[in-house]
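Morning, everyone. Please have a look at the next structure with me. I'll take it one region at a time.

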Amino acid sequence: MSSEWPYLPLGDLTINLDTRRKPVKESDRRPGPFPYYGASGIVDYVDGYLFEGEYLLIAEDGENLRTRQIPIAFMATGKFWVNNHAHIVLGNEKASTRFLQYALLGADISAYLTGAVMPKLTQGNLNRIEVPCPPQRVQAQIVSVLGALDSRITLLRETNATLEAITQALFKSWFVDFDPVRAKQQGLAPEGMSDATAALFPDSFEESELGLLPKGWRVGTLGQVVETVGGGTPDTKEPSYWEPPEYCWTTPKDLSGNSAPVLLGTERKLSSLGLSKVSSGLLPAGTLLMSSRAPIGYLAIAQVPVAINQGYIAMLPQSTLPPLFMLFWCRQNMENIKGRANGSTFMEISKKAFRPIPVLVPLPQVIEAFVNIAASLFDRLTQNEQQAQTLATLRDTLLPRLISGQLRLPEAETRIAEALS
């Protein structure tokens, strides 16, 4: 494979379709089946469409141009609408649309961005970005190789979305709708569970401050049944707090691009001295993290010991309501949590506001039964996310070398086969 492919400006390789973009005010939108795209992906579903087919959407502005945690270039297929925050382009006879997606993801676009506060990629600068342009046959091979990785990553994350939805539905059935209790109250066997599990549930309800609850269950506050802590940020200008990097330290930014509620690693690490400056210290693996500001509601269970900054409320293992239970409780009750927040610059929920929130406390044996079921699903979800991140790292490593012609396709295919085996 040649390493001397010509570099051409993107404008020479695309058909510009930006004139067909059309924003729709939220107040004017009518719900429907068609995706409505912006700079970071789908922002709504509407009742009409502007495009039909397969197109490349490129962020014109937005935080993803700064952080790159959300792809700046992504494919849209089928029938869809596009607002004025995403450029829409189509490859011409020189380059396929999918190849251009990978070429742009592998390019350094920093020199083409404008804007002191929020990065912006104008149409003129977009057209000037230079990317390698191998023959169409080679483009197709590159798309096939990288597409195999993307397809596997997509499958793993779709499976995780299903696993999470199954667990959330189980939580709702047991702890919101009380389906097993209602079945037993009617003299029926609860569906989808063994006799031993069914025997853990009562067969009647009693009044409480939260309304009718299963008999024997009680109402508490989060502060009574969940141990919560916050964190802090050591002085970022003091090198001794960060070197040598030994202990994982997380900010909500680490969760912003997560597709699954797990934290496998962190962008930054603290030294021993830096860790001593965080009052909550090193939290154990299995701790549930909830971002408490900017924005409220990112959730993940840490898979490694981790220190946290001040943007989290952390819920520790060994509480009466364990992290796996609380993960799905928080999902179910997020609007209530956000309703307790306040702030002038940005909304934040403090531990002081979080701890008094009323919470249903089931019998311990019912909590244990739920956690046992949820844990097996969550373990599989975690393994899938670990593999997805490994494959994403391999793709990001191979992409620029394949696009530039520095890596031969057989070598890339061998490495991908090993990763997928």
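**Starting at Phe74**

Leaving aside its neighbours within four places in sequence, Phe74 is in contact with Tyr37, Gly38, Ala39, Ser40, Gly41, Tyr55, Leu56, Leu57 and Gln101. Contact here means heavy atoms within 4.5 Å. Before I go on, a word on the source: this is a predicted model, where local features need pLDDT of at least 70 and side-chain atom pairs count only at pLDDT 80 or more, while totals for chains, interfaces and linings use all residues. Residues are numbered from 1 along each chain as its sequence is written, and side-chain values use heavy atoms, with hydrogens and water left out.

Back to Phe74. It lies in strand E6, residues 73-82. Helices (H or I, at least four residues) and strands (E, at least two) are DSSP runs, numbered from the N terminus. Is Phe74 buried or exposed? Phe74 is buried, with a relative accessible area of 12%. The cut-offs are these: buried is under 20% relative accessible area, exposed is over 50%, and partly exposed is in between, using a 1.4 Å probe and protein chains only. Tyr55 is 19 residues from Phe74 along the chain, and their C-alpha atoms are separated by 8.5 Å.

Next, a hairpin. Strand E3, residues 31-38, pairs with strand E4, residues 41-46. The sense is antiparallel, over six bridges. Two strands pair if DSSP finds at least two bridges between them. Two residues sit between E3 and E4 in this hairpin. Pro31 stands opposite Val46 in E4.

Now Ser291. It lies in strand E16, residues 288-292. Its relative accessibility is 0%, so Ser291 counts as buried. What does the side chain of Ser291 have 2.8 Å from one of its polar atoms? The backbone oxygen of Pro295 is there. The backbone nitrogen of Tyr298 also lies 2.8 Å from a polar atom of that Ser291 side chain. Leaving aside neighbours within four places in sequence, Ser291 has contacts that include Pro252, Gly311 and Tyr312.

On to the aromatics. How many aromatic pairs does a search of the whole structure find? It finds 21. Rings of Phe, Tyr and Trp (its six-membered ring) pair if their centres lie within 6.5 Å; planes under 30 degrees apart count as stacked, over 60 as edge-to-face and the rest as tilted. Take Phe175 and Phe370: they form an edge-to-face pair, 5.4 Å centre to centre, with 80 degrees between the planes. Phe175 lies in helix H4 (residues 136-175) and Phe370 in helix H12 (residues 364-404), so this pair ties together parts 195 residues apart in sequence. Phe175 is buried, at 5% relative accessible area. Phe370 counts as buried too, at 0%. Ring pairs also link a cluster, with Phe171, Trp174, Phe175, Phe178 and Phe370 among its members.

One more ring. The charged end of Arg268 sits over the ring of Trp242, 3.9 Å from its centre. That label applies if NZ of Lys or CZ of Arg is within 6 Å of the ring centre and within 35 degrees of the ring normal.

Last, the whole chain. It has 13 helices and 20 strands. Its C-alpha trace spans about 75 × 55 × 50 Å along the principal axes. Of its 421 residues, 47% count as buried. Among contacts in the chain with a separation of 6 or more, 71% come from residues 24 or more positions apart.

Definitions and conventions:
Polar contact = N/O pair within 3.5 Å; in protein donor to acceptor, adjacent residues only side chain to side chain.
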